[in-house]
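The sequence and structure are shown first, and the description follows.

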Amino acid sequence: MSRQIQSIDAFEILDSRGNPTLRVTVRLADGSCGTASIPSGASTGENEAVELRDGDTGRYGGKGVLRAVSHVRNIIAPELVGHNAQAQAEVDRLMIQLDGTPNKGRLGANALLGVSQAVARAAAQSCGLPLYAYLGGGGATRLPVPMMNVLNGGKHADSSLDFQEFMIFPIGAPTFSEALRYGAETFHALKRLLGKKGYATSVGDEGGFAPQLTKGNEEACELIVEAIDAAGYTPGKDIAIALDPAASSFYDSGRYRLSRSGQGDKSAAEMTELYRTWIDRFPIVSIEDGLAENDWEGFREHTAALGDRIQIVGDDIFVTNTRFIARGIREGSSNAVLIKLNQIGTVTETIEAIELCRQAGWGFVISHRSGETEDTFMADFAVAMGGGQIKTGSVCRSERIAKYNRLLEIERELGGAARFYSPFAH
């Protein structure tokens, strides 16, 4: 009974945008301890689990999380103390029942996830295992290929880009550490390139540059290809491009309004055709949220048209929820899912979403949020799940680098057992 939960506590901290979030600490009877700090998204799907905030405009502009902290201390903790921390599914189900809402709106997904992750960490420590091995077993040896955000737009930056993220994807690297080097060298080459062209090199929420490009979205891809070349790599072979337009952010009344770049209004079919022309011109291998979250018909046609050439990732349309993922599988809405722990609110439900992807033969990408903390849970989780893809921002800003550095540690721990290969290798 030494792995019984002895105490659970929480307090308010700040995320990478200076907004409140919460940190949870779980202690077990044997002295083991686990902590978790919870991120927050800016570009959020309307069906995500509820991130509970106080709404008190006298504190942090209403964004405080003292209610979520109180729910951890006064409602969740009394129910979970005495339970076995190794029984992750049981612990998570108890919290879901305690909340009693379909979207975790009573207690808050931020409260539930903080406890869920901290319990997993405490149990791993008690078992004497690194978190990735505790969650994934002895076969958890695959390091993910990083999607690295190098140009920011949309809701993540005040730039001229309608699309939210332009990412480099080092698919040709032989190891994770080399993939990180490929990305860092390309990032710095891009910075030099932007400077030479007179563009600003300030960065957005996820560490990508946020320049006012004169030609908008398309120029972003041109610059990335030029930077890959300048860094000494081959576009499409060593490093590919992944996009996250986050199209819900510029979707209005059935039209996609590319107002920042001046490309006008487009239908879903016209957006798909735009992407097709880009795939022909640039080494793009993955597009996430190329259409809006409620455009199910558009997504079906989008995947039918492009899904045999690239990875089509659904984020806002699926929100890491098995109900929406199951519908997507039935309807052929994509061929991959973005996985965010805080979209659904517990470790168990996140694993269930991934298992559904596996059963369908779909890819999945473990993802951060734009408002992050130094917590590295998702790095271990990516290795535990073995999907081979992670999206955790640029190679600057310490809350992003923390995840990369943790993956370097895991690679070193695994030694010769570490596996690394492109999800698009044939």
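## The closed barrel

Eight strands form a closed barrel in the order 4-5-6-10-11-12-13-14, with mixed pairing. Pairing here requires that DSSP finds at least two bridges between two strands. Helices (H or I, at least four residues) and strands (E, at least two) are DSSP runs, numbered from the N terminus. On average, neighbouring strands of this sheet are turned by 30° against each other, direction ignored. Angles run from 0 to 180 degrees between N-to-C directions, and axes are lines fitted to C-alpha atoms, for helices over the stretch in contact.

Leucine 338 stands opposite valine 365 in strand 13.

## Basis of the model

The model is predicted: local features need pLDDT of at least 70, side-chain atom pairs count only at pLDDT 80 or more, and totals for chains, interfaces and linings use all residues. Residues are numbered from 1 along each chain as its sequence is written, and side-chain values use heavy atoms, with hydrogens and water left out.

## Helices on the sheet

Helix 7 (residues 268-281) packs on the sheet and touches strand 5, strand 6 and strand 10 (284-288); contact means heavy atoms within 4.5 Å. The direction of helix 7 makes about 155° with that of strand 10.

Helix 6 (residues 217-230) lies across strand 4 (145-152), strand 5 (165-169) and strand 6 (240-244). Helix 6 runs at about 20° to strand 5.

## Helix pairs

The axes of helix 9 (residues 322-331) and helix 11 (residues 347-360) come within 9 Å and cross at roughly 10°. Helix 9 is therefore roughly parallel to helix 11. Angles under 35 degrees count as roughly parallel, over 145 as roughly antiparallel, 65 to 115 as roughly perpendicular and the rest as oblique. In this contact, Thr322, Ile325, Ala326 and Ile329 of helix 9 meet Glu352, Ala353, Leu356, Cys357 and Ala360 of helix 11. These residues divide into 7 nonpolar, 1 polar and 1 charged. The classes are nonpolar (Ala, Val, Leu, Ile, Met, Phe, Trp, Tyr, Cys and Pro), charged (Asp, Glu, Lys and Arg) and polar (the others, Gly among them).

Helix 1 (residues 66-80) and helix 2 (residues 88-99) pack at an angle of about 140°, their axes 10 Å apart. The two helices are therefore oblique to each other. Ile75, Ile76, Glu79 and Leu80 of helix 1 make the contact with Val91, Leu94, Met95 and Leu98 of helix 2. By class, this contact has 7 nonpolar, no polar and 1 charged residues.

## Other strand arrangements

Strand 2 (residues 20-28) and strand 3 (residues 33-37) run antiparallel and are joined by 5 bridges. The bridge partner of valine 26 is glycine 34 in strand 3. These two strands form a hairpin with 4 residues between them, and glycine 31 in the turn has a positive phi of about 95°.

An open sheet of 3 strands has the order 7-8-9, with antiparallel pairing. Strand 7 (251-252) and strand 9 (264-266) are its edge strands, each pairing on one side only. Strand 8 (residues 255-258) pairs with strand 9 over 3 bridges, and arginine 257 stands opposite aspartate 265 in strand 9.

## Overall dimensions

The protein contains 13 helices and 14 strands. Its radius of gyration is 21 Å, close to the 22 Å that the globule rule gives for 426 residues, so the protein is as compact as a globular protein of that length. This radius is taken over C-alpha atoms, and the globule rule is 2.2 Å times the number of residues to the power 0.38. Along the principal axes, the C-alpha atoms fill a box of roughly 60 × 50 × 45 Å.
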